[in-house]
Amino acid sequence: MEACDLVIIGGGPAGLAAAVAARQAGVENILVLERDSRLGGILNQCIHSGFGLHTFQQELTGPEYAARFVSQVKGLGIACLCDAMVLDLAADRTLTVIHPERGIFTLHPKAVILAMGCRERPRGALNIPGFRPAGIYTAGTAQHLVNIEGKLPGRECVILGSGDIGLIMARRMTLEGAKVKVVAELMPYSGGLKRNIVQCLEDFDIPLKLSHTVVNIHGKERLTGVTIARVEQGLPVPGTEEYYACDTLLLSCGLIPENELSRGAGVELSLVTNGPVVNDRLETSVPGVFAAGNVLHVHDLVDYVSQEAAAAGENAARYILEAQTQTGPEIPVTCGPGIRYTVPQKIRLESRDEDVTLRLRVDGVYRNRRLTVLAGDAPVSSKKRRALAPGEMETIRLSRKPLPVGIRELRVLLEEG
Amino acid sequence: MERKLICIGCPLGCELTAQVEGGEVREVTGNTCPNGERYARKELTNPTRILTTTVRVRGGTLPVVSVKTAGDIPKGKLLACAAALKDVEIPAPMAPGQVVVPDILGTGVDLVATKSVERA
C-alpha cells in the first residue's frame, strides 16, 4: 500500500465530507476506508426525504444526499476502499486493515479522521424482562431489512422509543402494509423531530404514548405481544399495564457513537457523549487523530454532520500541511445547569484567528431561555431561544477575536429570559 | 369546526387551533409566528407530502430500489400510492431520477428512483 497522508475511517456522510474538505485544503494522498461495499453509510437506507435543506437548500432523500458527496469525492479523485474494515488503530496512528483481496495490511498516515458513525442501543442494554423470541429488532436493522433487502420484518408492530428512526420506521412499516399499533416513549417528551411526529405518526393515526415503556415481552419462539405500562419517576405504575398483540417490536432507544477503535488508540472519551473529547479543531487527545459526525456525538441533522466533518477535514489538512503537531495550551468549555454537553469540550488558546463552533444539547424541554457563553466573567455570546429540546442540537458560533486574554474556561449557561 | 394541530416549523411545536368552516380556515390561534398560521392553512386545506418507498428490481445488485414522488402528492393518497407499487417490478439498471411509474395514480406526479442499482 502506497504511503498516504490522511486516512479517513468511514465512508458515510462524515467521512465523505471530511475527504472533500481535506482535498480542497490541499491534501494530496487521502484514503477513505469503508466497511460496507458501497459508500454513503447509513444514508443508503434512509430513503425518506428531508436531508440537505441546509447544505443544498433542497429536500433530498438519504441516497441522493450521499450521491452528491460521492460524486464530489470521485470528481476530486480521492481514493476510497470499500469492503475494508479497520481492525486496529494504534496511538501512533498505525492502522491495521483487512480487505477481501488485499488481506491484512497496515497504514501509517500523518493524520486520521474518525468517521465511524454510531450504533443503536440494543435490547440487551435496555433491561426489558421476558423471553428472547424472534421479532425484536432495532429500528435501524428493520430499516435495512425493508429498504435495502426488500423484506418486511413483521405484520403487527409496536415501537419502543420515539427517536427519529423509530418514527420514520412507523411510517415505513405502515406504507409497506404492516399495522403499527403504538409507539411507546419512556420520557415525557419525544426524542424525535416535530416534523416526524406529525408526518410519521399523526398522518397515519399511530398513537404515541409518552411516559410509557415495555414491561414484558410475550412469546417464546416468535414474539406474540408486549405489555406496556405508564412510567412515573422511572418506575412502571401498577395497574396501568396494557397488552398489545404483535409479531414485531422495534427499538428506537438511542444511538451510541462507535468508538472501539478510538478506545484502542487511547483516545480520551466523554462519558456524556460517548464520543472522543476534542478541542476546537476537532482533534482528539491523540495528536493527529480527528473526529467528526456521529462517532463524535450523535447528530439529528446530516447537514450538521457534513459541516462538522468538513471542519475536521480542513483541520486535518492544516495539521498535515503546516506540520502543526504541537497543541498549545487549552482551556475547558464547561456546562452550566441544563446543558448536557458541548462539542468541542476544549478550546486552544493559540490560533486566535479561527472562529469556534460550539454544538450542544440541553437536558430537558425549555422555553424562553438564553444561551450565554462566558469567557471568565464576560459574556462573549448570548442568544435568545424560544424553545429548546434534547432532540434538537443547538449551535453557537463564536468569533475568536473578542475572547479576553488570560481566561481559564469558557462556560455555557442556560439562563431565564 | 375546530381543528387542532402541531406546527412543525421549529422546535417550539406550537399547538395550533384553527376554526374551519365550509372547507375554509377562518382563524388560526396558538401560533407564535406567521409561519404557524401559514402551516395551519396549508395543512387544513391542501395537505401534501412526498412519498418515499421502494420498488422491486429484477436482475440488480440490490433487490429493491428507493423511489420518491418527484413532487408533492395529496396526503390522502400516500397509502393508496404505496399499495399500488406492491406488484411493480422494474429491470436493472436504475439511475437516480429515472422514472419508475409515470403519473402515479393520476396525481400528475412521477415516481422516480433515488439511487442507482447496477445490473447484477
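With 417 residues, what radius of gyration would a compact globule have, and what does chain A have? The globule rule puts it near 22 Å, and chain A has 22 Å, so the two agree. (That radius runs over C-alpha atoms, and the rule is 2.2 Å times the number of residues to the power 0.38.)

Quick housekeeping: this is a predicted model, where local features need pLDDT of at least 70 and side-chain atom pairs count only at pLDDT 80 or more, while totals for chains, interfaces and linings use all residues. Residues are numbered from 1 along each chain as its sequence is written, chains are lettered from A and ligands numbered from 1 in the order in which they are written.

**Stop 1: chain A as a whole**

Select chain A. Its C-alpha trace spans about 65 × 60 × 40 Å along the principal axes. Show it as a cartoon and you have 7 helices and 29 strands; these are DSSP runs numbered from the N terminus, H or I of at least four residues for helices, E of at least two for strands. Of its 417 residues, 49% count as buried, that is, with 20 or more other C-beta atoms within 10 Å of their own C-beta, placed from the backbone.

**Stop 2: the cores**

Now pick Ile8(A), Ala18(A), Ile113(A), Ala115(A) and Ala292(A). They have the most contacts inside the largest nonpolar core, which has 67 residues. A nonpolar core here is a set of buried Ala, Val, Leu, Ile, Met, Phe, Trp, Tyr and Cys residues joined through C-beta atoms within 7 Å. Helix H7 (residues 302-321) of chain A gives the most to this core, with 10 residues.

Centre on Ile113(A). Neighbours within four places in sequence aside, its contacts include Leu6(A), Phe290(A), Ala312(A) and Ala316(A); a contact means C-beta atoms, placed from the backbone, within 7 Å.

Next, select Val146(A), Ala170(A), Leu16(B) and Ala40(B): they are among the members of a second, separate core of 48 residues.

**Stop 3: a strand trio in chain A**

(Pairing takes at least two DSSP bridges between two strands.) Look for Val373(A), whose bridge partner in S27(A) is Ser381(A). The two strands form a hairpin with 2 residues between them, and Gly376(A) in the turn has a positive phi of about 65 degrees.

**Stop 4: where the chains touch**

Which element of chain A gives the most to the side that touches chain B? The contact takes 23 residues from each of chain A and chain B. On the chain A side, helix H2 (62-75), helix H5 (194-201) and strand S27 (378-388) each supply at least two residues, and H5(A) gives the most, with 5 residues.

**Stop 5: chain B**

Colour chain B by domain: domain 1 is 2-46 and domain 2 is 52-113, bounds that come from an automatic or database domain assignment. Their C-alpha centres lie 31 Å apart.

Finish on strand S2 (residues 15-21) of chain B. Strand S1 (residues 2-6) of chain B runs antiparallel to S2(B), joined by 5 bridges, with Leu5(B) opposite Leu16(B). S2(B) also forms a hairpin with S3(B), where Gly22(B) in the turn has a positive phi of about 55 degrees.

Definitions and conventions
Contact = placed C-beta atoms within 7 Å. Buried ≥ 20, exposed ≤ 12 C-beta atoms within 10 Å, placed from the backbone.
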